[in-house]
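Have a look at the sequence and the fold, then read on.

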Amino acid sequence: MASDKEYLDFVLEQLSELDGISSRSMMGEYIIYYKGKVIGGIYDNRFLVKNTKSAAKITPEAPLELPYEGAKKMLLADIDNKDLMNSLIPAVYDDLC
């Protein structure tokens with residue numbers, strides 16, 4: 001099942017306080033970038049974030065889910081919590097640098 005453009009718009013709105021957020025459509029889903037690095041994506045209308053050391057520490061209760069068959073598991077982000085996203089996304093970015 002492909003993700004809806006409306007869900008992408010919602011995610012981007014929730015992340016709008018972070019400078020450097022962008023997205024790219026890919027095969028019916030959306031890749032999410034922060035300052036040019038892939039930090040996660042929208043898969044089947046779920047916002048999944050790379051499972052980095054900091055992400056696991058910040059969101060220890062977040063379930064790990066497969067974005068698609070054969071991929072590494074990613075953290076299911078609580079996109080409704082803007083404050084959490086404002087700390088999680090930069091932390092994931094720092095782990096990737």
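Leaving aside residues up to four places away in sequence, which residues does Q14 touch? They are I79, D80 and K82, where a contact means heavy atoms within 4.5 Å. Q14 sits in helix α1 (residues 5-14), and Q14 is buried at a relative accessible area of 11% (buried is under 20%, exposed over 50%, partly exposed in between, with a 1.4 Å probe and protein chains only).

A word on ground rules: this is a predicted model, so local features need pLDDT of at least 70 and side-chain atom pairs count only at pLDDT 80 or more, while totals for chains, interfaces and linings use all residues. Residues are numbered from 1 along each chain as its sequence is written, and side-chain values use heavy atoms, with hydrogens and water left out.

Now the whole chain. The protein chain has three helices and six strands, in the order α-β-β-β-β-α-β-β-α along the sequence; these are DSSP runs numbered from the N terminus (helices H or I, at least four residues; strands E, at least two). Of the contacts with a separation of 6 or more, 54% join residues 24 or more positions apart. Buried residues account for 42% of the 97 residues, and the C-alpha atoms fill a box of roughly 30 × 30 × 25 Å along the principal axes.

N45 counts as partly exposed, at 21% relative accessibility.

Then there's the largest pocket, with a volume of about 260 Å³. On a 1 Å grid over the protein atoms alone, a pocket is an open set of points where a 1.4 Å probe fits, with protein on both sides within 12 Å along at least five of seven lines, and lining residues have an atom within 4 Å of a point. Grid points are joined across faces, edges and corners, and the volume is the space filled by probe spheres set on the points. The lining has 13 residues, with M26, I31, Y43, P67 and Y68 nearest the centre. The elements giving two or more residues to this lining are β2 (29-34) and β3 (37-43), and the largest share, three residues, comes from β3. By type, the lining splits into nine nonpolar, one polar and three charged (Ala, Val, Leu, Ile, Met, Phe, Trp, Tyr, Cys and Pro are nonpolar; Asp, Glu, Lys and Arg charged; the others, Gly among them, polar).
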